[in-house]
Amino acid sequence: MLKVVSYDIVFQEIPGEVTLALNLSNCPCHCPGCHSPHLAEDIGEELTEELMDGLIARYGKMITCVAFMGGDAEPAKVAQWGNYIHDSRLKTAWYSGRMNMPQDEQAFDYVKLGPYIEALGGLKSEKTNQRLYKRVESEWKDITSVFWKKTIDC
């Protein structure tokens, strides 16, 4: 069972998207240096159609994407939710600590792969092992470098 620990509207996780990010518990990865180690615990509220529909009703006009942050213990269920969201106008994303694309990759428009390795850093580090992919037609394009662009100070 997937459980939602928290959620927020975020602007940096998926470039160009206003994203409702759902933090899911029961992470089996236990990456050293993880920024959310509490997500390894069995905590949170069960992800149900009622909860998801309520969040989309509440935030649907403000968001363009729904991202599942975790859920690696039950990838098939994350994909089911990705397909559920695809029935709306919203895009879908999955931030996974896994190294391979999910079996039902068509459930997502974006997939982040790779465990967090503290010495390599997250997506903002050019040394990172993690990758963010965007589905463009039937191909997956690595867009990780978008996170490496330098900003201009004003």
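Tutor: We begin with a definition: a nonpolar core is a set of buried Ala, Val, Leu, Ile, Met, Phe, Trp, Tyr and Cys residues joined through side-chain atoms within 4.5 Å. Please keep in mind that the model is predicted.

Student: What makes up the largest nonpolar core, and which residues have the most contacts inside it?

Tutor: The largest nonpolar core holds 25 residues. Those with the most contacts inside it are Leu 22, Leu 47, Met 52, Val 66, Phe 68 and Phe 108. Two or more residues each come from β2, α1 (49-59), β4 (65-69), α2 (75-86) and β6 (110-113). The largest share, 5 residues, is given by α1. Apart from this core lies another one of 13 residues, including Ile 14, Met 69, Tyr 110 and Phe 147.

Student: Which residues is Leu 22 in contact with, leaving aside its neighbours within four places in sequence?

Tutor: With those neighbours set aside, the contacts of Leu 22 are Val 4, Ser 6, Tyr 7, Met 52, Leu 55, Val 66, Ala 67, Phe 68 and Met 69. In general, nonpolar side chains tend to be buried together in soluble globular proteins.

Student: How many helices and strands does the protein chain have, and why is the chain called as compact as a globular protein of that length?

Tutor: The protein chain has 2 helices and 8 strands, in the order β-β-β-α-β-α-β-β-β-β from the N terminus. Its radius of gyration is 15 Å, close to the 15 Å that the globule rule gives for 154 residues, so the chain is as compact as a globular protein of that length. Of these 154 residues, 42% are buried.

Student: Why is Asn 26 called partly exposed, whereas Glu 137 is called exposed?

Tutor: Buried means under 20% relative accessible area and exposed means over 50%, with partly exposed in between. Asn 26 has 23% relative accessibility, so it counts as partly exposed. Glu 137 has a relative accessible area of 72%, and therefore it is exposed.

Student: What is the phi of Asn 26, and what is that of Glu 137?

Tutor: Most residues other than glycine have a negative phi. Asn 26, not a glycine, has a positive phi of about 65°, and it is found in the loop between β2 (19-24) and β3 (45-46). Glu 137 also has a positive phi, near 60°, and its place is in the loop between β7 (131-136) and β8 (139-142).

Definitions and conventions. Residues are numbered from 1 along each chain as its sequence is written. This is a predicted model: local features need pLDDT of at least 70, side-chain atom pairs count only at pLDDT 80 or more; totals for chains, interfaces and linings use all residues. Side-chain values use heavy atoms; hydrogens and water are left out. Helices (H or I, at least four residues) and strands (E, at least two) are DSSP runs, numbered from the N terminus. The radius of gyration is taken over C-alpha atoms; the globule rule is 2.2 Å times the number of residues to the power 0.38. Buried means under 20% relative accessible area, exposed over 50%, partly exposed in between (1.4 Å probe, protein chains only). Contact means heavy atoms within 4.5 Å.
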